[in-house]
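Subject: Handing over a structure for you to look at

Hi there,

Here is the structure I promised to pass on. Please open it beside this note, and the findings follow below.

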Amino acid sequence: EHKIPVSKTDVLIVGAGPAGLMTAYWMARCGVRARVIDKRPTKVFLGKADGLRMRTLEIFDSMGFQHRVMQEGHVAVEANFWVSDKKNNLVREAIMTSKAANKSPHHSMLLTQGRLERFILDTIRQYSDLEVERSTSAETFEYDEALEDDHNAYPITVKVQTVSTEADDLTEKTTNGSEAEHMPSGLDKSKLSPDDWNDFSPQDGILPGKTEIIKARYLIGCDGAHSWTRKQVNIPMEGSSTDHIWGVIDVVPISNFRSYPESRTIQAMTDKGVADIRRLSIVTNTAGTILVIPRERRLVRLYVPVQTIEAVTSGRFDRSTVTLDMIRMSVQNILCPYTFDFEICDWWTVYQVGQRIAPTFIKGNRVFLAGDAVHTHSPKAGLGMNMSMQDGFNIGWKVALVAAGVANPLILSTYNDERHRLAEMLLDFDRHWSGHFTNNTLAPEEASTKAEKMRRIAELFEDFADGARSFYGASPLVWKTEGEAGPPCALSLIPGERFPAAKLRKQADGNVQWTTRLMESDGRFRLVILAGDIRDPTQRGRVESLGRFLQDGNKASAKLEDRYLPTGPFDSLIDVLTIHSSPWRSVEYFDFPESLRSFDPRTGWVYDSIWCDDSCSWDRECDGTGYGQWGVDRVHGAMLIVRPDQYIGWVGELDAVDEMTRYLDGFLMAKNESNNCR
Ligand code: FAD
């Protein structure tokens, strides 16, 4: 009999959708031996998810490709609520502007999932030769529990097989046949960006039926709503599985909605001359509610109710009978008296999703589940892809650092603690939010109240939905002593929350940069020294004393650089970043202690290590308000450790080096006792 080849890898990732690619990114950056398989023959090109929220965009910035999203995507910071009045005219009832618009350089954007997959794949290629193995499906799974606690062992055995699917198969059925995607005008090269052309046909040389056994130390299942991995580890999905049936269409609309509003609010009145078909809008009248989402390349996505839950549960309705024309007519009814039609439709689908969640995302600290594999909900909140990518981003660096042997495996369980809670919040939000899209028969006065209720829900959940707050609790990775606030020296730097973004000036050359880009996702922890105002002699003394600690360590501890094992291309797992608050012109780069500036014998001083929170005459976004928003005294400063994913791990005074070392000792492998935690 034919012998099946056996190979070993540290990390096996099943599924290369948004969650799987984020996870793969970390393997590439941290130089971890990994395999990524996906049963689809190609990446996604059209359709699927499209909404990007603030935190996801910050993550993209830290990965280095946010500028590509900015170039191609559509910014949407305002939502318009339209309702019908007593005479059955549609009027714009209210406008909501995203609060996050003022909190971050990155605002809500819309761009198809296929382009994001492109950007992440390109970034992975920049750092490693890790490639997604396509047309490759995971088939069987064995798990040896006896090996669970030995982190050098390979408890996971997966048999994979190459499968055949036509690359340009225009109608795709998911595993249980419950969803179907359509690309009615055909998927041809003209619809794609040139940089996607190479991926248009399946990888060369893949013959169906080839099997291989992969033994892995860790398995990350990012294999979508019908997750194969989840079933192998017997983790159920809990919750309801039925919802109304919705149509989604990506079209280039021909519509006169709407050139001059008969609005009730003063703010809305000022918006003369806009075309609402190109603005994020929720339109409710007696015929139902639709969601209008403007997109790249003149496209607009519409979410359209097709049938009510009663009809679905009574078994009177067969989803496969829904046609594109039925969806078109439904939009025409709801937008009436405005006109609506289209000639070009890129993609459409009919779906039915319930709110479901897995009770845990982890099995034995060796198998992890991320994204749709463990939570599904209606896409109308625009959060499916965001949450999935953030899951992958969260588990990816933890597994990468543990697999590389530089972090203690105890950090792995923080994935479930941090992400499960957020998934529950997501389902809660979705229950509140999507319920409002489903009541199809409303009296005019009810329509108006509904718009107001939706506006309030959107406001209530905004911080959560944008990812402005993460609510990560205390753990070895999150040192919390002050409840929900930051310590007195940095009231708004809260352990377990993201580092709030600010634009800074580089001390050496005066160039400006957002912290979201400065804190690059390269696998390192970052010691951020908020050095305060070093023109003050006492403060300068404190900074110099910290510099001596970084140079030589102290009685209790070796210097950080020598204390922990490094990973990837770096000499140290801790990167030192200084942000001072003296006026930019009043101090100099060389005023700072040498250990804060770093020196490389080949490339000289690291000029990107010292930054200044001061205003800049030629860039108004760089306004010297960083210390203020962080709640840090401009003279006295503070110090913090930011995790590889830009969440705050520890915060303290500049002299709290012993506490900081204790925090890091809690989960990093010391250079001289590297086998301690194994
Ligand atoms: P997925 O993107 O589903 O990726 C899972 C991957 O795993 C797939 O590529 C699959 O081929 C692979 N896989 C599965 N099983 C195996 C196996 N045994 N072996 C190897 N590979 C396997 N979200 C929105 O926000 N808005 C929308 O409009 C929207 N529309 C959608 C329409 C459809 C038809 C679908 C299916 C999803 C839609 N979503 C939408 C959801 C959104 O796409 C998901 O939330 C997001 O893609 C989740 O990412 P993920 O990586 O967790 O899973």
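Pro-18, Leu-21, Met-22, Ala-24, Tyr-25, Ala-28 and Arg-29 in helix H1 are in contact with Gln-113, Glu-117, Ile-120, Leu-121, Thr-123, Ile-124 and Tyr-127 in helix H4 (contact means heavy atoms within 4.5 Å). By class, this contact of H1 with H4 has 10 nonpolar, 2 polar and 2 charged residues. Here Ala, Val, Leu, Ile, Met, Phe, Trp, Tyr, Cys and Pro count as nonpolar, Asp, Glu, Lys and Arg as charged, and the others, Gly among them, as polar.

A word on the source: this is a predicted model, in which local features need pLDDT of at least 70 and side-chain atom pairs count only at pLDDT 80 or more, while totals for chains, interfaces and linings use all residues. Residues are numbered from 1 along each chain as its sequence is written, and side-chain values use heavy atoms, with hydrogens and water left out.

Helices are DSSP runs (H or I, at least four residues), numbered from the N terminus. H1 and H4 (residues 113-127) pack at an angle of about 15°, with their axes 9 Å apart; axes are lines fitted to C-alpha atoms over the stretch in contact, and angles run from 0 to 180 degrees between N-to-C directions. That makes H1 roughly parallel to H4 (angles under 35 degrees).

H1 (residues 18-30) also packs against H9: their axes come within 7 Å and cross at roughly 30°. That makes H1 roughly parallel to H9 as well. This contact has 14 nonpolar, 4 polar and no charged residues.

What does H2 do beside H9? The axes of H2 (residues 54-63) and H9 (residues 384-403) come within 10 Å and cross at roughly 45°. Arg-55, Thr-56, Ile-59, Phe-60, Ser-62 and Met-63 in H2 meet Asn-386, Met-389, Gln-390 and Phe-393 in H9.

Now to the ligand. Of the 29 residues around the ligand, Ala-19, Asp-38, Arg-301, Tyr-303 and Asp-372 come nearest (around means a heavy atom within 4 Å). A polar side-chain atom of Arg-301 lies 2.4 Å from a ligand oxygen atom, and for Asp-372 the distance from a side-chain N or O atom to a ligand oxygen atom is 2.9 Å. Gln-113, one of the H4 residues that meet H1, has a polar side-chain atom 3.1 Å from an oxygen atom of the ligand.

Best wishes

Definitions and conventions. Helices (H or I, at least four residues) and strands (E, at least two) are DSSP runs, numbered from the N terminus. A polar contact is a pair of N or O atoms within 3.5 Å; within protein, one must be able to donate a hydrogen and the other to accept it, and residues adjacent in sequence count only if both atoms are side-chain atoms. Angles under 35 degrees count as roughly parallel, over 145 as roughly antiparallel, 65 to 115 as roughly perpendicular and the rest as oblique.
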